[in-house]
Amino acid sequence: MMKSIWNMVVRYFRQTDKVIWGLCLTASAMSVVLLLGIWNSGYVNLSRPIVQCIAIGLGCGAMFLLSRVDYQTMAKLWKLHVPAAYGLVLLTFILGVGRADDMAWIEIPFIGLTFQPSELLKLSFIITFASHLQKVEGSLNQPEVLVPVLCHMALPTVLIMLQGDDGSALIFLCIGCGMLFAAGIGWKYILAAGGAAVAVAG
């Protein structure tokens, strides 16, 4: 039994993307180091780094499980995870906790912890957006195709911005733009978007 499990783990790490794992683990380790650096400052207590380590472990487990599932299968289940993800985000407008201008968290009853529904929405968005881009492959740069794609990208971004979490909204925007670039969006659209961003910033 143990030998079979070990062989499965070895086979997985031979086939997996080691760069992504390395980047994820490095970022996770940095988060723990930063928390340890400020735990005695009065801003956080020692339980925060411990909770962070537990969250990292759970995240690695979820990453392993999700990597074993074909994303096409998860895309076909969009009627389950999309309403659930958006529903939890909308719930923060009623039951959200956090700062006065950023109520992006929901408290988990009885255990005293909170979680951020936008993290689940990121997974759902990446899966459905990838599926959308695959379906319009070859015709992405046609305006009648590109507009619905941009609306797909804008919906979670605007919703999270209205929630008050501008940092997470920016992450959604960057994820969407990166996926559009990888899907082959035309340079005329990239330059137009860049010019509009500069004009807005000015």
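How do the residues of the lining of the largest pocket divide into nonpolar, polar and charged? Hold that one for a minute.

Ground rules come next. This is a predicted model, so local features need pLDDT of at least 70, side-chain atom pairs count only at pLDDT 80 or more, and totals for chains, interfaces and linings use all residues. Residues are numbered from 1 along each chain as its sequence is written, and side-chain values use heavy atoms, with hydrogens and water left out.

The overall picture. The protein chain has 9 helices and 3 strands. Both are DSSP runs numbered from the N terminus: helices are H or I with at least four residues, strands are E with at least two. From the N terminus, the order is α-α-α-α-α-β-β-β-α-α-α-α. The C-alpha atoms fill a box of roughly 50 × 50 × 30 Å along the principal axes.

Now the pocket. On a 1 Å grid over the protein atoms alone, a pocket is an open set of points where a 1.4 Å probe fits, with protein on both sides within 12 Å along at least five of seven lines; lining residues have an atom within 4 Å of a point. The lining has 48 residues, and the closest to the centre are Gln 52, Ala 55, Gly 59, Glu 119 and Lys 122. H3 gives the most, with 14 residues. Back to the opening: the lining has 31 nonpolar, 11 polar and 6 charged residues. Nonpolar means Ala, Val, Leu, Ile, Met, Phe, Trp, Tyr, Cys and Pro; charged means Asp, Glu, Lys and Arg; the others, Gly among them, are polar.

On to helix packing. Axes are lines fitted to C-alpha atoms, for helices over the stretch in contact, and angles run from 0 to 180 degrees between N-to-C directions.

Pair one: H2 (residues 18-38) and H3 (residues 47-67). Their angle is about 170 degrees, with axes 9 Å apart. That makes H2 roughly antiparallel to H3, a label for angles over 145 degrees. The crossing is right-handed, meaning the near helix is turned clockwise from the far one by less than a right angle. The contact has 12 nonpolar, 3 polar and 1 charged residues.

Pair two: H5 (residues 78-95) and H6. Their axes come within 9 Å and cross at roughly 145 degrees. This crossing is left-handed. The H5 residues that meet H6 include Trp 78, His 81 and Tyr 86. Contact here means heavy atoms within 4.5 Å. By class, there are 10 nonpolar, 5 polar and no charged residues.

Pair three: H6 and H7 (residues 143-163). The angle is about 175 degrees, and the axes are 11 Å apart. H6 and H7 are therefore roughly antiparallel. Phe 125 and Phe 129 are among the H6 residues in contact, and Met 153 is one of those from H7. The count is 9 nonpolar, 4 polar and no charged residues.

Note on methods: Angles under 35 degrees count as roughly parallel, over 145 as roughly antiparallel, 65 to 115 as roughly perpendicular and the rest as oblique.
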